[in-house]
Amino acid sequence: MKHKRKVGRGSTTSTWTLGLVLAVLCSIVTILAGTRIAGAAASKSYGKPGDPIELVIGYQPYYTESWSGLIMRDKKFYEKYLPKGSTVTFQIGLQGAIIVNGMLAGKVDVGYVGDMPGIVSTSHPEVRDVRIVSVLGLGLDQCNIFLARNDAPHFATPDEGLKWLDGKIVAVPKGSCTDRFAQAVFKERKITPSEYLNQSIEVITSGFRAGKLDAAVIWEPTASRLVQEGLARRIASGASVNERDGGFLVMPQALIEQRPDVVKGWLEAELDAVLYFADAKNAMDIAKMAAGQTTGFTEKALWASAFGQTPKSEGGTDIRITLPYGFTPEANELIQKASKFLVEIKSIQSEIRPEAVVPQFTADILKAHNLTAPVGEVKALPTEMYTGK
């Protein structure tokens, strides 16, 4: 199956999506060119165990599956676990590749990223050795969401919606989790779009508004925003074809080697954030946090992206996000599947190194708390449970 790829048409200038069209591979190549920076990153000193530390956290409030990061920023759970006198600075990454760039340059110490940038971050140990230390979330309809133009036919089932895509114009941000999902579905269902466009979220939004697109694959919270703005409708998701998406927590090996006390402390705090996320009574507070840390989204759209219900006929699920924290068989399967896809599209040269996944910290913490992975779930809630404006 061959898909015709084109560069996205048109552009606008809203700031929240500025730069989203950057492909992961291009971003990494830029960093690889900076050998002096790479050398400095690789030799970065984090001090001695017990010393106060300065940490820069890269996180993505614009990717719902990694929202334990925005909870951590608001609730400051880390203050309980890091050495006294430590300082933490949060930096928003509009896309996971931007956070990966910062980590490879030694400017970001902890990264909250999606599955694809998380794996790419581990693929350049000659620049900086980055490891996956925790699983932020697994879902079926967080990254893996098919949207159709609002005037598309109404389908009785997701299967009908997927069949309709054959011969249609479909767009995704190339190299992202949506690209992997779309190509997997097209291959399995033998669907051949008339055009398979590489477009940023911003251009996809413009394309729906101008009637230039039939469909797109988009992640949350943008999917909920486009639906609530009346620009598109959900027709299927990973739940329709049993394809997972995910988010990972990554750290440099230098931090792991030099400061296991800090790694353990941060992951203890991360467990607190994940359990907070799983508690349905915190749903409105989390939506308010997200509204305070993003621009261009309504609180209602942000709430819906994590907690909203979607009909099963449109790919809805009862569990919006599973919160593994540790490395479950499902998480390991996703890592291997995504790694193979990245090799196929030549984004990385070889599949993920076994040592790039570090499960021991989360395993030890779960054992100490008498917990097992997954530690919680974010369940879909009826719309009437949204109590905001």
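## Exercises on cores, helix contacts and backbone

Not counting residues up to four places away in sequence, Phe277 touches Thr64, Trp67, Ser68, Ile71, Ile286, Ala306, Phe307, Ile321, Leu323 and Val378; contact means heavy atoms within 4.5 Å. The model is predicted, so local features need pLDDT of at least 70 and side-chain atom pairs count only at pLDDT 80 or more, while totals for chains, interfaces and linings use all residues. Residues are numbered from 1 along each chain as its sequence is written, and side-chain values use heavy atoms, with hydrogens and water left out.

**Exercise 1. Describe the chain by its elements, burial, contacts and surface.**

Step 1. Count the elements: the chain has 16 helices and 12 strands.

Step 2. Take the burial: 59% of the 389 residues count as buried. Buried means under 20% relative accessible area, exposed means over 50%, and partly exposed lies in between (1.4 Å probe, protein chains only).

Step 3. Take the contacts with a separation of 6 or more: 83% of them join residues 24 or more positions apart.

Step 4. Take the surface: the accessible area of the chain is about 15800 Å², and carbon and sulfur atoms hold 53% of it. The areas come from the Shrake-Rupley method with a 1.4 Å probe; for residues, only the protein chains shown count as cover.

**Exercise 2. Which residues of the largest nonpolar core touch the most other members?**

Step 1. Define the set: a nonpolar core consists of buried Ala, Val, Leu, Ile, Met, Phe, Trp, Tyr and Cys residues joined through side-chain atoms within 4.5 Å.

Step 2. Read off the members: the largest core has 57 residues, and Trp266 and Phe277 touch the most other members. Helix α12 (residues 260-278) contributes the most to this core, with 10 residues.

Step 3. Separate the other core: a second one, of 47 residues, includes Tyr63, Val100, Phe327 and Phe341.

**Exercise 3. Describe the packing of α3 against α13, and the burial of α3.**

Step 1. Find the geometry: α3 (residues 68-75) and α13 (residues 283-292) pack at about 90°, with their axes 10 Å apart. Axes are lines fitted to C-alpha atoms, for helices over the stretch in contact, and angles run from 0 to 180 degrees between N-to-C directions.

Step 2. Classify the angle: α3 is therefore roughly perpendicular to α13. Angles under 35 degrees count as roughly parallel, over 145 as roughly antiparallel, 65 to 115 as roughly perpendicular, and the rest as oblique.

Step 3. List the partners: Leu70, Ile71, Asp74 and Lys75 in α3 meet Ile286, Met289 and Ala290 in α13. This contact divides into 5 nonpolar, no polar and 2 charged residues. Here Ala, Val, Leu, Ile, Met, Phe, Trp, Tyr, Cys and Pro count as nonpolar, Asp, Glu, Lys and Arg as charged, and the others, Gly among them, as polar.

Step 4. Check the burial: Ser68, Gly69, Leu70, Ile71 and Met72 of α3 are buried. Their cover includes β1 (54-59), β2 (87-92), β3 (110-114), β4 (130-139), α12 and α13.

Step 5. Look past the end of the helix: Lys76 follows α3 and has a positive phi, near 55°.

**Exercise 4. Describe the contact of α7 with α15.**

Step 1. Find the geometry: the axes of α7 (residues 177-189) and α15 come within 11 Å and cross at roughly 85°. That makes α7 roughly perpendicular to α15.

Step 2. List the partners: on α7 they are Asp179, Arg180 and Gln183, and on α15 Leu334, Lys337, Ala338 and Phe341. The contact divides into 3 nonpolar, 1 polar and 3 charged residues.

**Exercise 5. Are Lys346 and Asn370 buried or exposed?**

Step 1. Take Lys346: this residue is not a glycine, yet has a positive phi of about 65°. Lys346 lies in the loop between α15 (329-344) and α16, and is exposed, with a relative accessible area of 66%.

Step 2. Take Asn370: phi is positive here too, about 55°, although Asn370 is not a glycine. Asn370 lies in the loop between α16 and β12, and is exposed at 70% relative accessible area.

Note on methods:
Helix = DSSP H or I, 4+ residues; strand = E, 2+ residues; numbered from the N terminus.
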